[in-house]
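Please work through each task before reading its solution.

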Amino acid sequence: MPFDMLSDFPRPIYPSDHSQSKHQWENKSSLTKYRDTYPFIDPFRFKYSLTGKVVIITLAHRGLGRASVNAFAAAGASIALIGPSAQALEPVRQEIKVKYGTPILALAANLLDPNAPTNIVRLVEEHLGPVDILLNITPPTYFRPFAQEKNITTDWWRCMEGNLKAPIALIHAVLASMIARHTGTIISTTSATASLHVPFMSAQGVSKAALLKFHHQLDLEVRPKGIHSFAVNPGLIPSHIHDPEDPVVMRPEDFEMEPRMRTEVMESLPGVQFDASGLATGTFVSINLISRLIRNSLALL
Ligand SMILES: NC(=O)c1ccc[n+]([C@@H]2O[C@H](COP(=O)([O-])OP(=O)(O)OC[C@H]3O[C@@H](n4cnc5c(N)ncnc54)[C@H](OP(=O)(O)O)[C@@H]3O)[C@@H](O)[C@H]2O)c1
């Protein structure tokens, strides 16, 4: 399969140019109790179970995107990798070719371009077949006091676009064919901030909450048509967003603007209380809820 490219658009830049953090970095800290995949969802269990299924994965070049590409390839799926540039996608494409040999198509695209979603779906259908699964990996965001946003149409609004407009546009583009075939699974990554209230994270909180709400709405409409819609909070995973040198996480100038920001953020995180309303519909999967689920299950005994 030739390396297909929609275009090599300049990527959206917010709030600081994330792509400048290109150093090699590995997180060895213990962010979570579980450092590996839960046995229940171990890709090994699903080996070859998705052979013939076509999956689109966005931001496929690193982090959760790249890990998901590997898991779906292990399950035998045909995968369309979507990323910001051919250069960024090539190592993943090579990795999958060597390790799994499953059909793969790499597409560089600016997901905010109005024509990108339909072009992506058309190319995927041409080269791999109709889309069975769409996995929207959304970009991470940033901490900043809202009053300190210089211009909300730049960083703040671009965050809405990357986290809301881009995944929804792609969902819209795959939906007609899924409905016609009465099958399909649509997943988007959200975050705990979709249901938590963490100060100084309005861009992330609002965009992720809106995407969660969208998935609930979508579920109501398309579940009877055989389509599953999920917003997933992946939980704490040692990816590049925890890189101490990542400009998205470390912006000393933002912390200096609001002296209480660091303490308030740090204090609010351990007190994480999840809003169960999202869970009630079964379409918000929050993977780090294990202790709460165990506690609740015990309370029922
Ligand atoms: N890891 C966690 O602990 C965790 C927890 C909860 C939720 N999540 C959510 O999971 C999703 C994926 O995160 P991850 O852990 O895989 O992080 P990651 O390793 O940092 O990967 C983030 C991806 O987002 C892209 N990106 C970053 N800034 C961007 C921007 N301004 N515009 C467009 N793309 C941008 C990066 O592309 P480049 O390489 O080109 O910069 C990269 O592909 C995010 O929505 C995050 O909020 C993660």
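**Exercise 1. State what share of the residues of the chain counts as buried, and describe the make-up of the chain.**

Solution. In this predicted model, 36% of the 301 residues of the chain count as buried. The secondary structure consists of nine helices and seven strands. Turning to contacts with a separation of 6 or more, residues 24 or more positions apart account for 76% of them.

**Exercise 2. Determine how the axes of helices α3 and α4 are oriented, and identify the residues in contact.**

Solution. Step one concerns the axes: those of α3 (residues 116-127) and α4 (residues 155-181) come within 8 Å and cross at roughly 45°. Step two classifies the angle: α3 and α4 are therefore oblique to each other. The crossing is right-handed. Step three names the partners: α3 contributes Pro-117, Thr-118, Ile-120 and Val-121, while α4 contributes Ala-169, Leu-170, His-172, Ala-173 and Val-174. Sorted by class, this contact holds seven nonpolar residues, two polar residues and no charged ones.

**Exercise 3. Carry out the analysis for α4 and α5.**

Solution. The axes of α4 and α5 (residues 202-222) come within 8 Å, crossing at roughly 15°. Angles under 35 degrees count as roughly parallel, so α4 is roughly parallel to α5. The crossing of α4 with α5 is right-handed. On the α4 side, the contact includes Trp-156, Met-160, Leu-164 and Ile-179; among the α5 residues that meet α4 are Ala-203, Leu-211, Phe-214 and Val-222. By class, the contact of α4 with α5 has 12 nonpolar, three polar and one charged residue.

**Exercise 4. Is Ile-179 buried, exposed or partly exposed, and which residues does it touch?**

Solution. Ile-179 belongs to helix α4. Its count is 15 other C-beta atoms within 10 Å. A buried residue needs 20 or more, and an exposed one has 12 or fewer; Ile-179 is therefore partly exposed. Leaving aside residues up to four places away in sequence, Ile-179 touches Val-222, Lys-225 and Ile-227. The C-alpha atoms of Ile-179 and Arg-223 are separated by 9.9 Å, although these residues are 44 residues apart along the chain.

**Exercise 5. Describe the residues around the ligand.**

Solution. There are 27 residues around the ligand, of which Gly-63, Leu-64, Pro-139, Ser-239 and His-240 come nearest. Helix α1 (residues 63-74) gives the most to this shell, with three residues. By class, the shell comprises 13 nonpolar, 12 polar and two charged residues.

Key: Residues numbered from 1 in each chain as written. Predicted model: local features only at pLDDT ≥ 70, side-chain atom pairs only at ≥ 80, totals over all residues. Axes fitted to C-alpha atoms, helices over the stretch in contact; angles between N-to-C directions. Helix = DSSP H or I, 4+ residues; strand = E, 2+ residues; numbered from the N terminus. Parallel < 35°, antiparallel > 145°, perpendicular 65-115°, else oblique. Left-handed = near helix turned anticlockwise from the far one by under 90°. Contact = placed C-beta atoms within 7 Å. Nonpolar A, V, L, I, M, F, W, Y, C, P; charged D, E, K, R; others polar. Near = placed C-beta within 6 Å.
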